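Trainee: I am new to this structure and would like to learn how to read its features. Could we go through them one at a time?

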Amino acid sequence: MTTDTPARLLQLLSILQTPREWPGGELADRLGVSRRTVRRDIDRLRELGYPVEASKGSDGGYRLVAGKAMPPLVLDDEEAVAIAVGLRAGAGHALEGVDEASVRALAKLEQVLPARLRHRVSTLQAATTPLTSGDGASIAPETLTVMASTVAGQERLRFAYRAKDGTESRRLTEPYRLVSTGRRWYLVAYDLDRQDWRTFRVDRVRDPFATGSRFAPRELPTGSAAEYLRRSIQRRPDRDEYAYDVTFDAPAEMVASRLPSWLSTSVAPEPSETGDGDVGGADGGGSADGGGTRRCRLRGTTSDPVEWVAVRFAMLGYEFSVREPQELVDCARELSGRLGRAAQTG
């Protein structure tokens, strides 16, 4: 029998989080208490915000249902390890849909995991290899969780940073947000040594260290970390970065919805009469015909290989024409011919 009320409530909550209805008698047997005590404990859980429904009958049952807000969850060892391993696998690669919220969740979970479970999580991850596209840089989940913790706690962050040209430096920052572009993680932060806002590629960060020194968040110039990152990437004078200009035979909203965020810099409607013999990339079908603004124009900058960009545009499933750069035009022409030859039979 569990005589400690808080411990018994946690045990009861853990049982109820299994998605089924639990008869009062079965709960009483599991907890080693009377049915009256079970009813009192159910009332306590309701007072704490857990939406527990009761069914009528000779042996009425209880079940936990969805409420307006999510109260704290109670996980057993296996569940906690499974969630941590899954979050680590996603966080280590900047996958679309795995954003800062996932990293914050991982940071919170690993903060409260007992040492024995943290060891199990690390062992499982070391013994497995995720099947990823290989297009984005891999990052140690510990790096992301340290950063996420300092963002949430408004705590200054120190780390070693390697610039694109290989220059090594030590940075002391006030971290603002982590941003995933779909292929890479970036940290938007105020650099205290340079007295200005900066963006840092997380795969170039080493030895992140939470200093314990708190700070009052500054106002970001653009108001949005994602917008600040977009502008920062656009104005960065990287030698291998190039501008692209592509027209799609589809409405702007349809193209924008299928593009990853790191490519959809500017998608604007364009009259269908424009476009005069530029190189078509792929016959994906589903082109939007008709008058008006059924075409759109995509413009932006990237440092990704032209081969990858050409394939990514072709995967949208719409006819498209490349205006510039010439390297992308040539690549689209070569890709079109290669795919055409591959489709020949006989």
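Mentor: We start with strand pairing: two strands count as paired if DSSP finds at least two bridges between them. The model here is a predicted one. Strand β4 (residues 155-162) and β8 are joined by 5 bridges and run antiparallel. Within that pair, A160 stands opposite R206 in β8.

Trainee: In what order do the strands of the open sheet of 5 strands lie?

Mentor: Strands of a sheet pair through backbone hydrogen bonds, in either a parallel or an antiparallel sense. Here the order is β7-β6-β5-β4-β8, and the pairing is antiparallel. The edges are taken by β7 and β8 (205-214), each of which has a single partner strand, so one side of each has no neighbour in the sheet. From one strand to the next, the twist averages 45°.

Trainee: Which strands does helix α7 lie across?

Mentor: Helix α7 (residues 141-153) lies across β4, β5 (168-180), β6 and β8. Its direction runs at about 25° to β8.

Trainee: How many bridges pair β6 and β7, and in which sense?

Mentor: There are 6 bridges, and the sense is antiparallel. L187 stands opposite F200 in β7. The two strands form a hairpin with 4 residues between them. In that loop, between β6 (185-191) and β7 (196-201), lies Q195. Phi of Q195 is near 55°, a positive value in a residue other than glycine.

Trainee: What is the strand order in the open sheet of 3 strands?

Mentor: That order is β1-β3-β2, with antiparallel pairing. β1 (22-23) and β2 (52-54) are the edge strands; each has a single partner strand, so one side of each is without a neighbour in the sheet. Between β2 and strand β3 (residues 61-64) there are 3 bridges, and the two run antiparallel. E53 stands opposite R63 in β3. Helix α3 (residues 35-47) packs on this sheet, where it touches β2 and β3, and its direction makes about 140° with that of β2. Helix α1 (residues 5-16) lies across β1, β2 and β3, at about 80° to β3.

Trainee: Which side chain meets that of D41 in a salt bridge?

Mentor: To read one, look for a side-chain nitrogen of Lys or Arg within 4 Å of a carboxyl oxygen of Asp or Glu. The side chain of D41 meets that of R8, at 2.6 Å from N to O. The pair links distant parts of the chain, with D41 in helix α3 and R8 in helix α1, 33 residues apart. In the whole structure, a search finds 17 salt bridges.

Trainee: At what angle do the axes of α10 and α11 cross?

Mentor: Two packed helices are described by the angle and the distance between their axes. The axes of helix α10 (residues 306-314) and helix α11 (residues 326-342) cross at roughly 60° and come within 9 Å. That angle makes α10 oblique to α11. The crossing is right-handed. On the α10 side the contact involves V306, E307, V309, A310, V311 and F313, which meet E327, L328, C331 and L335 in α11. These residues divide into 8 nonpolar, no polar and 2 charged.

Trainee: Where is P325, and what kind of peptide bond joins E324 to P325?

Mentor: P325 is in the loop between β13 (320-324) and α11. The bond between E324 and P325 is a cis peptide bond, with omega about 5°.

Methods
Residues are numbered from 1 along each chain as its sequence is written. This is a predicted model: local features need pLDDT of at least 70, side-chain atom pairs count only at pLDDT 80 or more; totals for chains, interfaces and linings use all residues. Side-chain values use heavy atoms; hydrogens and water are left out. Axes are lines fitted to C-alpha atoms, for helices over the stretch in contact, and angles run from 0 to 180 degrees between N-to-C directions. Angles under 35 degrees count as roughly parallel, over 145 as roughly antiparallel, 65 to 115 as roughly perpendicular and the rest as oblique. A crossing is left-handed if the near helix is turned anticlockwise from the far one by less than a right angle, and right-handed if clockwise. Contact means heavy atoms within 4.5 Å. Ala, Val, Leu, Ile, Met, Phe, Trp, Tyr, Cys and Pro count as nonpolar, Asp, Glu, Lys and Arg as charged, and the others, Gly among them, as polar.
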